[in-house]
Amino acid sequence: MTYQDVLETARKNMAPKCRVCRECNGIVCRGEIPGVGGKGTGNAFIINYDYLSKIKINMDVIYENRGQDTSVELFGRKFAAPVFAAPISGLSNNYNGYLNEQTYAEILVPGCIEAGCAAFTGDGAGDNFFLDPLKAVKAAGGVAVPTIKPWAKEDIFHKMDLAVEAGAMAIAMDIDSAGLPLLAAAGKPVNAKSTAELTEIAAYASVPFIIKGIMTAEGAKKAAASGAYGIVVSNHGGRVLDNTPATLEVLPEIKAAVGNAVKIFVDGGIRTGSDVFKSLALGADAVLIGRPYVVAACGGGAEGVALYTRKITAELQEAMKMTGCATLADITTDKVRFTK
Ligand SMILES: Cc1cc2nc3c(=O)[nH]c(=O)nc-3n(C[C@H](O)[C@H](O)[C@H](O)COP(=O)(O)O)c2cc1C
């Protein structure tokens, strides 16, 4: 199976909601929610993708060769590359139902592990959105990150208990879900959480707790102050607020604000190993990738997911080779530049 095979099969299996475009850039699907697009004009998804293409990599192949090690340590574990599948839920209404919450997780979670990486799983209006993927998390020995919506405190604690019972290596919360139109439409709106509330939630977690949906230095400082292990710099793939800046644009100021106090993940429009390289150069410890993982799963099952993960890892390794980076720590800001 090649990645081209995966895309061709996915095109058949995913019609009509996701068109499996040559570039997964938010243009064809803009504004489609339910669907896979960005909210409103769809700009925030497109801006994430476009911004990445403005960042260029500084090539320099005169150096003493020490090979390239793409591995990273997070949650007290070693991963083959700083690449995670992002949580995606609503497979039946956002996509065409070819996979559902359970079958997607049954493919995604082991597929990522096979390639030495791991997946985040999602949550949504129906309880099964969280519970069905949790079965796959448990079956995989907990090597995944269940992601809980910012519900009422008792519901969060209950879902955290279930995630810990499943052996989850970490738990995340997509704090930005307050802007999700589908939750509001289903009569399950979620709201902002204060730093005090987040501190209580982070303290309740017996595993590393990650706050997803941070887009400002101030927000990152509040997340760090709450005791979170990590943050995901994310605008939910452009699905919660129209016209946000690109995640890669705000990443350097967030890194400057919190330094090493929290692990920094970033997502939004990341598609290739070069994009992973750019994200690390601008301050991320690791990335999440969303939509392309659904394509890989629908087009190639667990093998497609592993193949896509290995492809990204190989591309990252190639970028490191061409820039003289032997380890991820060598991927510093001076390795990239911006063009207009
Ligand atoms: C259809 C769809 C469903 C999503 N469901 C969730 C979810 O349940 N929880 C969550 O934290 N993020 C969810 N996200 C956001 C992704 O985790 C991620 O932030 C985003 O897709 C990253 O952008 P990318 O798809 O351009 O890589 C969803 C995104 C899409 C497109």
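When I say helix or strand today, I mean DSSP runs, H or I over at least four residues for helices and E over at least two for strands, numbered from the N terminus. With that settled, Leu 7 sits in helix α1, residues 3-14.

Some housekeeping. This is a predicted model, where local features need pLDDT of at least 70 and side-chain atom pairs count only at pLDDT 80 or more, while totals for chains, interfaces and linings use all residues. Residues are numbered from 1 along each chain as its sequence is written, and side-chain values use heavy atoms, with hydrogens and water left out.

Back to Leu 7. Is it buried or exposed? Leu 7 is buried, at 14% relative accessible area; the cut-offs are under 20% for buried, over 50% for exposed and partly exposed in between, with a 1.4 Å probe and protein chains only. Setting aside neighbours within four places in sequence, Leu 7 touches Val 20 and Val 295, where contact means heavy atoms within 4.5 Å.

Next up, α5, residues 153-165.

Which residues of α5 are buried? They are Ile 156, Phe 157, Lys 159, Met 160 and Ala 163. Those residues cover an arc of only 165° around the axis, which means they lie on the same side of α5; the arc is taken from the directions from the helix axis to the C-beta atoms. Glu 154 and Glu 165 are exposed on the other side of α5. The buried set packs against α4 (128-139), β6 (144-148), β7 (171-174), α7 (195-204) and β8 (209-214). After α5 comes Gly 167, with a positive phi near 85°.

A cavity here is a set of points on a 1 Å grid over the protein atoms alone where a 1.4 Å probe fits but cannot get out, and lining residues have an atom within 4 Å of a point. There is one cavity of 30 Å³ or more. The largest cavity holds about 70 Å³, a volume being the space filled by probe spheres set on the grid points, which are joined across faces, edges and corners. Which helix gives the largest share of its lining? That would be α3, with four residues. α3 (101-114), β5 (118-121) and α4 each supply at least two lining residues. Among the residues lining the largest cavity are Tyr 104, Leu 108, Phe 120 and Phe 129.

Terms used: 1 Å grid on protein atoms, 1.4 Å probe; cavity = no way out; pocket = protein on both sides within 12 Å on 5 of 7 lines; lining within 4 Å.
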